[in-house]
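Subject: Structure handover

Hello,

Here is the structure I promised to pass on. Please have it open while you read the notes below.

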Amino acid sequence: MRLSRYFLPVLKETPAEAQIVSHRLMLRAGMIKQASAGIYSWLPLGFRVLRNIERIVHEEQQRAGHIPMLMPTLQSADLWRESGRYEAYGEELLRVRDRHDRDMLYGPTNEEMITDIFRSHVSSYKDLPLTLYHIQWKFRDEIRPRFGVMRGREFLMKDGYNFDVSKEAALHAYNRHLVSYLRTYERMGLQAIPMRADGGPIGGDYTHEFLVLAETGESEVFYDADITDLRFGEREVDYDDVAECQAVLEEFTSRYARTDETHDAAMFNQIPEVRRRVARGIEVGQIFYFGTKYSDAMGATVQTADGGKVPVHMGSHGIGVSRLMGAIIEASHDDKGIIWPEAVTPFHCGIVNLRQGDAGTDGACAELYKALKAKGLDPLYDDREERAGAKFATMDLIGLPWRITVGPRGLDKGVVELTCRKTGESEEMTAETAVTRVAGIYAPHHAHVAHHVEPMAQRSFHTWV
């Protein structure tokens, strides 16, 4: 993509309504534009990052054997009356009425709809276990939307739902989701700590929130400092192995980590004082096991091996896809702008031409662009008639991890300059070496895309469709 042909409405001044770093930088970098309170248009740069985040979520869900689908944004109020949540959910639920005077709602979540789908098509224990998920826009009518995409009214969310014949099987699904979430967040360059949480309007005996530590976080969190040393890393986990998934859960949840809603001061004070931490956190996901709450209310049962009928055990599991963009920026920025992790960056590399219109630099940049594309990379070429300082400022603001600078003096020596956005370090090298270096940096991320695992949880679904 040539910047002269791209739509990137960068702002020099920070809009007055932006209170936190991520909101300021997303507006300044031309990623979003407010349509109304808590509702945003996603401009091309922001949309590219959003799709990269969504892609990683899809990959890790399917690696765990979870099956993608898509449910509508509008739901019938009758389903919510059946579950008892239509009146109980409160003012955040946007209730609407269609032209035939039918009560509808803009879905904030999909427990009722997925339960209705399940009960319509599944009747035997042989069809379990089953986990279905989708990534869809949700709406919650927040009374005071703020902080940009961090607390908007309309947001993109992955929500998944497991159906199992017993509590034990459903808790394995819970553990499987925890493992897949740890992988998801680490791939995005985040450390998201699972913390004991409150079930809220969804309900649930077992629930953990995943929080990214940040000064601007809405939640106060209390935790054992030892938990920040934990990393999932590149380990491979067999999602069908109950003991292996349980061991990961115990590893990441055995140390004290709770939000203010579930904080237990007595338990916290048992931790050695040197390891006690009180901070702020941004919620980026939550997993629930709620047993038969919805299946009892809505008649979602399966026939067992002895011919009896039992309500299925369920859980729901959400990741805030659009909110994650704000969380990543809060965790990765400096005074110049955003610093994107390689896995989610909108473009892999920036190319800056220091003398646009010069035959030598124009030709070298065109060759660089072509070579990067041949390696499967997506560069952003700043070919504008702008001074060098303005081009560097734009690249720093939008946060591409790597920049290749091409100028006449460097070309006279046969070199270009490769700069790391995170460290600010620059190194001169040949254009061929720069291309090879950048391609090597992104190779592990491409490997993630190519790798696919089909565990038993997914294969079981194939037996009946």
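This is a predicted model.

**Helix packing**

Start with helix H6, residues 167-187, and helix H7, residues 242-253. Their axes come within 9 Å and cross at roughly 60°. H6 and H7 are therefore oblique to each other. Their crossing is left-handed. On the H6 side, the contact is made by His 172, Tyr 174, Asn 175, Leu 178, Val 179 and Leu 182. H7 brings Val 242, Cys 245, Gln 246, Val 248, Leu 249, Phe 252 and Thr 253. By class, the contact of H6 with H7 has nine nonpolar and four polar residues, and no charged ones.

H6 also packs with helix H2, residues 44-63. Here the angle is about 150°, and the axes are 9 Å apart. Angles over 145 degrees count as roughly antiparallel, so that is how H2 and H6 lie to each other. The crossing of H2 and H6 is right-handed. From H2 come Arg 55, Ile 56, Val 57, Glu 59, Glu 60, Gln 61 and Arg 63. They meet His 177, Ser 180, Tyr 181, Arg 183, Thr 184 and Arg 187 in H6. This contact of H2 with H6 divides into three nonpolar, four polar and six charged residues.

The next pair is helix H1, residues 21-28, and helix H10, residues 321-331. They pack at an angle of about 105°, with axes 8 Å apart. That makes H1 roughly perpendicular to H10. Val 21, Ser 22, Leu 25 and Met 26 in H1 meet Met 325, Gly 326, Ile 329 and Glu 330 in H10. The classes in the contact of H1 with H10 are five nonpolar, two polar and one charged.

**Cavities**

How many cavities of 30 Å³ or more are there? The count comes to two.

The largest cavity has a volume of about 90 Å³. Its lining consists of Leu 182, Tyr 185, Glu 186, Leu 190, Gln 191, Ala 192, Ile 193, Pro 194, Ile 227, Leu 230 and Phe 252. H6 and strand S9 (192-196) each supply at least two residues of that lining. By class, the lining of the largest cavity has nine nonpolar, one polar and one charged residues.

Tyr 40, Trp 42, Trp 137, Gly 148, Val 149, Gly 152, Glu 154, Phe 155 and Ser 322 line it. The lining of the second largest cavity divides into five nonpolar, three polar and one charged.

**Pockets**

The largest pocket has a volume of about 1,000 Å³. It is lined by 42 residues. Which of them lie nearest its centre? They are Arg 140, Arg 151, Glu 209, Glu 283 and Gln 286. S8, strand S13 (276-291) and strand S16 (313-320) are the elements that give two or more residues to this lining. The largest share, seven residues, comes from S13. By class, the lining of the largest pocket has 14 nonpolar, 15 polar and 13 charged residues.

The second largest pocket has a volume of about 460 Å³. It has 20 lining residues, of which Arg 187, Gly 189, Pro 341, Glu 342 and His 445 lie nearest its centre. H6 and helix H14 (431-450) each supply at least two residues of the lining. In the second largest pocket, the lining divides into nine nonpolar, five polar and six charged residues. Arg 187 turns up here and also in the contact of H2 with H6.

**Backbone details**

There is a cis peptide bond from Leu 128 to Pro 129, with omega near 5°. Pro 129 is found in the loop between helix H5 (111-121) and strand S7 (130-139).

Asp 101 has a phi near 65°, a positive value in a residue other than glycine. Asp 101 sits in the loop between strand S5 (94-97) and strand S6 (103-106).

Best wishes

Technical notes
Residues are numbered from 1 along each chain as its sequence is written. This is a predicted model: local features need pLDDT of at least 70, side-chain atom pairs count only at pLDDT 80 or more; totals for chains, interfaces and linings use all residues. Side-chain values use heavy atoms; hydrogens and water are left out. Axes are lines fitted to C-alpha atoms, for helices over the stretch in contact, and angles run from 0 to 180 degrees between N-to-C directions. Helices (H or I, at least four residues) and strands (E, at least two) are DSSP runs, numbered from the N terminus. Angles under 35 degrees count as roughly parallel, over 145 as roughly antiparallel, 65 to 115 as roughly perpendicular and the rest as oblique. A crossing is left-handed if the near helix is turned anticlockwise from the far one by less than a right angle, and right-handed if clockwise. Contact means heavy atoms within 4.5 Å. Ala, Val, Leu, Ile, Met, Phe, Trp, Tyr, Cys and Pro count as nonpolar, Asp, Glu, Lys and Arg as charged, and the others, Gly among them, as polar. On a 1 Å grid over the protein atoms alone, a cavity is a set of points where a 1.4 Å probe fits but cannot get out, and a pocket is an open set with protein on both sides within 12 Å along at least five of seven lines; lining residues have an atom within 4 Å of a point. Grid points are joined across faces, edges and corners, and a volume is the space filled by probe spheres set on the points.
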